[in-house]
Amino acid sequence: MTTETHRDDAAARLRAAGLKVTAPRLAVLDAVSGHGHLDADAVLARVTGTLHGTSLQSVYNVLGALTDAGLLRRIEPAESPALYESRTGDNHHHVVCTRCHAVADVDCVVGEPPCLAPSDAAGFAIHTAEVTFWGLCADCQRELAG
């Protein structure tokens with residue numbers, strides 16, 4: 001996909017979500033899209049080349065707007081800053097390395113939300129289950145073994 005096509009697609013996604021197309025929104029959406037799980041500092045580092053003078057607060061504002069619009073997903077692993085990802089609209093979960101804090105996606109075993117059902121929903125109509133698995137990533141396992 002060409003850069004122009006990618007930018008047009010991002011602009012269309014913003015419009016479809018009811019958002020104005022702005023340079024900061026395009027840059028942040030591009031920074032997060034297809035790049036795993038990024039915190040706001042990593043997003044700022046990725047956009048400073050195209051948005052000179054952008055502040056961390058501006059990045060947080062855009063991340064919030066894109067998350068509220070459903071274009072990004074925010075996850076908050078324990079003892080970690082909030083992370084943002086572009087994979088939305090499915091019921092996937094996450095696995096976090098307890099040593100280096102790497103994060104990876106884990107597909108839902110059942111395939112349709114919610115993939116887990118509580119023993120007592122306390123009157124709630126459950127639509128999503130969010131699960132975080134913890135363990136050692138392959139890189140950390142190799143480092144510890146060697």
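A pocket is taken here as an open set of grid points, where a 1.4 Å probe fits, with protein on both sides within 12 Å along at least five of seven lines. In this predicted model, the second largest pocket holds about 240 Å³ of space. Of the 14 residues in its lining, Arg73, Gly89, Asp90, Asn91 and Thr128 are the closest to the centre. By class, the lining of the second largest pocket comprises two nonpolar, eight polar and four charged residues. Because domain 1 (2-75) and domain 2 (90-145) both contribute residues to this lining, the second largest pocket lies between the two domains.

At least two lining residues come from each of the helices α1 (3-16), α2 (23-32) and α3 (40-47). The greatest contribution to the lining of the largest pocket is that of α2, which supplies five residues. Seven residues of this lining are nonpolar, four are polar and three are charged.

Gly70 was also examined. This residue is located in the loop that connects α4 (56-68) with β1 (73-75). Gly70 is classed as partly exposed because its relative accessibility is 38%, a value in the range between the buried limit, under 20%, and the exposed limit, over 50%. Between Gly70 and Arg13 the C-alpha to C-alpha distance is 10 Å, although the two residues are 57 residues apart in sequence.

Definitions and conventions. Residues numbered from 1 in each chain as written. Predicted model: local features only at pLDDT ≥ 70, side-chain atom pairs only at ≥ 80, totals over all residues. Heavy atoms only, no water. Helix = DSSP H or I, 4+ residues; strand = E, 2+ residues; numbered from the N terminus. Buried < 20%, exposed > 50% of the residue type's maximum accessible area, 1.4 Å probe, protein only. Nonpolar A, V, L, I, M, F, W, Y, C, P; charged D, E, K, R; others polar. 1 Å grid on protein atoms, 1.4 Å probe; cavity = no way out; pocket = protein on both sides within 12 Å on 5 of 7 lines; lining within 4 Å. Points joined across faces, edges and corners; volume = space filled by probe spheres on them. Domains from an automatic or database assignment.
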